[in-house]
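Here are my notes from going through the model you sent.

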There are 2 protein chains.
Amino acid sequence: MDLPTQNPPLSEVAATAKRGGMTDASKPQGSRPEARNPRGFIDRRARDLVAERQILAAVSAVYERYGFEPLDSPAFEYADALGKFLPDADRPNEGVFALQDDPDADGNGQWMALRYDLTAPLARFAAQNWETLPKPFRRYAFGPVWRNEKPGPGRYREFVQCDADTVGSARPEADAEIIAMAAEGLEAAGVPAGGAILKINNRKLLNGLMASAGVTDEGQKLAVLRAVDKLDRLGPDGVRLLLGEGRKDESGAFTKGAGLGGGAAERVLAFTAAGAGRGDTLGQLSNVIGGSVEGDEGLAELEAIDRALVSLGVGADRAVFDPSVVRGLEYYTGAVFEAELLLGTTDERGQPVRFGSVGGGGRYDDLIARFTGERVPATGFSFGVSRLAAALRAAGRDAAVELRGPVVIIAFDEARMADYFAVAGELRAAGVPAEVYLGSSGMRAQMKYADRRLSPAAVIIGGDEFAAGTATVKDLDLGRALSAGVTDNAAWRTDRPGQVTVPRAELVATIREILDAQALAPAP
Amino acid sequence: MDLPTQNPPLSEVAATAKRGGMTDASKPQGSRPEARNPRGFIDRRARDLVAERQILAAVSAVYERYGFEPLDSPAFEYADALGKFLPDADRPNEGVFALQDDPDADGNGQWMALRYDLTAPLARFAAQNWETLPKPFRRYAFGPVWRNEKPGPGRYREFVQCDADTVGSARPEADAEIIAMAAEGLEAAGVPAGGAILKINNRKLLNGLMASAGVTDEGQKLAVLRAVDKLDRLGPDGVRLLLGEGRKDESGAFTKGAGLGGGAAERVLAFTAAGAGRGDTLGQLSNVIGGSVEGDEGLAELEAIDRALVSLGVGADRAVFDPSVVRGLEYYTGAVFEAELLLGTTDERGQPVRFGSVGGGGRYDDLIARFTGERVPATGFSFGVSRLAAALRAAGRDAAVELRGPVVIIAFDEARMADYFAVAGELRAAGVPAEVYLGSSGMRAQMKYADRRLSPAAVIIGGDEFAAGTATVKDLDLGRALSAGVTDNAAWRTDRPGQVTVPRAELVATIREILDAQALAPAP
């Protein structure tokens with residue numbers, strides 16, 4: 001069997017490049033392109049990548065323990081399947097990166113767009129494969145998503161998300177399980193106990209609230225929700241103004257309010273005043289919106305979620321009901337949740353500061369029906385992997401990510417390169433990352449290279465060592481510490497600090513000892 | 001510190017979606033989009049993903065042992081930096097997926113394209129950061145690449161590549177190390193000893209050959225190289241025709257030849273006849289093309305590669321020189337290499353079949369100079385991750401990838417859901433993937449679900465069990481084997497085969513025993 005070649009030989013690519021031209025018609029012939037990232041796109045180096053991989057490995061293990069299987073969908077979806085935008089002539093790229101595919105046999109070039117989240121592709125996949133999937137279908141996924149937005153500090157146009165969803169279960173217990181799993185996933189990723197909280201609400205409560213407050217106009221509903229969304233920032237008095245005529249902020253700018261009468265506004269405020277908790281909150285919410293059909297339905301769902309969370313061992317320290325959570329209302333149909341990081345850092349005035357949301361999700365029972373016409377219940381949770389990694393780093397919780405370079409074998413004697421490669425091979429076989437210096441610089445530059453790579457040690461085998469059958473090892477951590485005056489470890493107090501010469505046969509064992517000793521010491 | 005929110009709240013997205021319209025203007029209002037993948041793009045499910053992740057984890061570990069650090073670059077590059085195409089009005093997407101970015105403040109919308117390999121982005125990154133990088137800079141990377149080509153069977157427009165490159169070393173030893181690392185990486189990925197071979201050539205030899213054969217016209221050079229490239233398929237006689245006037249194939253189609261005279265053609269054939277080996281091959285090549293300046297330079301490089309490979313422990317069973325390797329000539333400037341899988345499978349006639357190339361690479365000393373104007377030597381190797389996974393599967397070498405579903409706790413009694421969740425929690429805490437069935441179907445459908453998930457066991461706790469403080473466990477593998485008549489394990493020969501009822505307190509231990517026993521048995 002001769003598999004078709006997936007990768008066209010690069011000769012083809014290069015030949016095409018030659019034809020297509022490596023030159024840029026918009027520049028004078030012979031000018032060089034500038035080496036720069038497209039705006040809003042970044043390179044990620046070892047430290048970031050190692051941290052993100054650790055998060056993804058830990059979270060994947062948790063999700064698999066909950067019975068979720070991995071799934072990967074392509075970067076592109078047809079624009080109509082993505083369901084967010086239809087590219088139009090004026091502005092084909094609003095919010096997404098879209099392009100028209102080459103025309104097919106019928107001459108139709110369809111619009112495709114890069115996925116902007118992992119939920120829309122899941123809905124497409126589930127609709128496409130519904131008949132053959134085990135149901136409920138539980139999958140997790142991670143990978144880049146793309147948003148064609150204005151980039152800003154810490155706000156990129158490509159970032160990694162990680163999602164888990166249960167498709168085909170209408171049970172509130174499916175929501176509870178997603179919530180429990182999200183909490184456990186964050187902890188596995190490195191968030192310490194008490195460092196995050198899942199805040200839960202239900203769209204049906206909000207609908208019930210609107211009904212009981214007499215709000216039926218869609219625009220007014222949105223204004224109410226936006227006011228509620230600002231509770232954290234403005235407090236009840238600020239929200240009261242936004243529910244009524246409007247509010248002037250400190251700069252004097254006026255935000256028009258939702259125009260509710262006093263009674264309706266107080267009703268909304270009483271709803272949000274139910275506070276964040278479990279049983280108590282449910283009781284208070286019941287007092288405010290019990291009686292409306294949808295409100296009662298929402299309450300019953302939250303009660304079932306509460307019971308399931310209890311049996312899953314998730315207490316009020318990890319998940320609470322919070323009526324001020326207003327998330328993705330046009331998208332979700334039932335429970336909604338948000339993961340808030342509480343990890344302590346302090347601002348310049350020494351005040352504790354919260355990170356805010358790192359993820360969220362909820363129930364979206366209508367998304368698959370877009371394709372099939374039949375309602376398929378679904379619920380899921382998504383978090384930003386890079387954002388979580390950044391948060392853990394800012395909170396000093398990324399200590400586990402310690403980047404060490406390889407042991408560097410100094411290319412001391414050009415005629416001895418084969419011996420240096422043999423040393424590197426021995427170290428690698430012993431599981432120790434190692435490399436022979438392959439640049440063209442002298443000894444000093446090679447030592448500087450090893451230092452910049454954060455190498456634990458350098459190996460020097462020059463003429464003396466060859467003659468004596470020995471090798472010299474420099475403990476670079478100790479060298480750094482000694483030169484910084486941090487330690488005066490007697491064992492290494494020779495006239496060449498941090499350096500020892502051993503029989504060649506003991507080289508690997510000596511380096512192992514150094515690595516073991518460094519592992520016990522704080523990172524350099 | 002309040003980190004900026006990476007992910008805009010989905011409410012915004014959804015609100016925009018509402019504005020932008022979930023409807024497709026090209027279809028009548030209310031019609032539903034079809035759930036389908038864009039052509040040439042596929043979903044990958046658990047089995048494929050687990051296999052690819054195993055490959056990437058194993059190869060990454062090898063590359064890190066060689067001192068290579070991870071790097072990730074964005075999906076997009078500016079078209080001029082990508083250096084392959086300049087989108088033009090007629091056909092902006094030839095070969096790449098390109099789109100014009102939104103205009104910046106100056107009103108200029110630059111063309112961006114999705115990366116078609118991982119080398120072009122590395123060249124851009126290295127040029128951009130050259131001053132601050134430790135040199136030589138050694139990085140590995142993996143991720144999707146995109147090619148806007150006509151899809152075919154097994155040929156997709158998005159696939160995962162894995163690359164390693166050394167930038168800033170002109171030494172042939174750097175090539176040798178890449179070759180040794182590629183061989184070790186493939187073995188770590190699951191290719192058995194003797195299952196792959198690295199085939200090495202040098203562009204300088206080919207240039208020397210052309211010079212000695214009197215070929216100076218670029219078109220004629222290309223025709224010669226294409227003829228040589230067909231040696232495997234057509235043999236020397238077929239290649240001789242292609243080097244001369246041309247060749248008529250079995251269908252009668254005529255391919256025009258390179259138009260070489262008899263002496264020149266025989267010289268080229270003598271070059272390719274040097275065969276695939278190490279020292280012998282070098283000697284024969286020296287006889288054919290020794291004397292030309294570039295040919296001698298290429299030979300000296302291959303000799304240095306040979307010495308380094310020997311000291312790295314890479315013998316002729318893993319890497320050979322092969323003058324018929326013609327790869328990416330417009331792209332590479334020195335050594336070129338190709339990884340060929342020799343893994344045995346047989347075709348329908350019982351003949352052993354080779355998979356062919358899974359990867360390749362070489363030295364490209366001019367790519368970074370495109371940006372900087374200064375030559376920076378570089379060498380690297382790239383392989384197709386999905387293609388390697390497919391090859392290993394076809395060769396029956398993916399046995400390690402055994403997908404098991406979670407233990408399924410049957411939702412037998414609606415009033416006992418809390419107890420079921422507690423069981424699931426206990427199993428997960430013991431490291432056993434487990435889930436409570438959350439659909440709405442009855443017992444039979446639930447058992448079928450567990451079977452389709454390839455679950456090892458199902459847990460049933462009904463009224464009898466609750467009353468007795470017990471739980472019933474079904475060993476689903478044994479159940480499958482018993483019903484297939486494969487085993488008659490006496491311990492399980494009850495009236496309900498593969499089923500045992502144990503005290504509730506012994507449930508987790510019982511399931512552990514079943515899992516341990518299954519681990520010793522062949523996969524279901």
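1. Let's start in the sheet: in what sense do β11(A) and strand β14 (residues 356-363) of chain A pair, and over how many bridges? The pairing is antiparallel, over six bridges. One contact to look up is A:E338, whose bridge partner in β14(A) is A:G360. Keep in mind throughout that this is a predicted model.

2. β11(A) has another partner to check. Strand β7 (residues 196-202) of chain A pairs with β11(A), also in the antiparallel sense, over seven bridges. Here A:I197 stands opposite A:E340 of β11(A).

3. Is strand β11 (residues 335-341) of chain A enclosed or open? Seven of its seven residues are buried, so the strand is largely enclosed by the rest of the structure. In a regular strand, side chains alternate between the two faces of the sheet. For β11(A), one side carries A:A335, A:F337, A:A339 and A:L341, and the other A:V336, A:E338 and A:E340, all of them buried.

4. Chain A as a whole comes to 18 helices and 20 strands. Of its 524 residues, 49% count as buried. Take the contacts between residues at least 6 apart in sequence: 69% of them join residues at least 24 apart.

5. The domain assignment for chain A gives domain 1 as 46-75 + 115-215 + 260-394 and domain 2 as 407-520. Taken over C-alpha atoms, the centres of these two domains are 51 Å apart.

6. Now for confidence. Chain A has a mean pLDDT of 86, with 85% of its residues at 70 or more. For the model overall, ipTM is 0.88 and pTM is 0.89.

7. Over in chain B, how does the span of helix α5 (residues 172-188) compare with what its 17 residues should give? At 1.5 Å a residue the helix should span 24 Å, and the end C-alpha atoms are 24 Å apart, so the two agree. α5(B) is mostly covered, with 15 of its 17 residues buried. Just after the helix, B:G190 takes a positive phi of about 125°.

8. The largest nonpolar core has 294 residues, and those with the most contacts inside it include A:I179 and B:I179. Beyond its neighbours within four places in sequence, B:I179 is in contact with B:L198, B:I200, B:L309, B:V314, B:A319 and B:F337. In soluble globular proteins, nonpolar side chains tend to be buried together.

9. Last, a loop residue. B:A35 is in the loop between α1 (10-20) and α2 (46-65) of chain B. Why does B:A35 count as buried? Because 20 other C-beta atoms lie within 10 Å, and 20 is the cut-off for buried. Leaving aside neighbours within four places in sequence, B:A35 is in contact with A:A81, A:R124, A:A127, A:Q128 and A:F371.

Terms used: Residues numbered from 1 in each chain as written. Chains lettered and ligands numbered in written order. Predicted model: local features only at pLDDT ≥ 70, side-chain atom pairs only at ≥ 80, totals over all residues. Helix = DSSP H or I, 4+ residues; strand = E, 2+ residues; numbered from the N terminus. Buried ≥ 20, exposed ≤ 12 C-beta atoms within 10 Å, placed from the backbone. Contact = placed C-beta atoms within 7 Å. Core = buried A, V, L, I, M, F, W, Y, C linked by C-beta atoms within 7 Å. pLDDT = per-residue confidence, 0-100. Pairing = 2+ DSSP bridges. Domains from an automatic or database assignment. Expected span 1.5 Å × (residues − 1).
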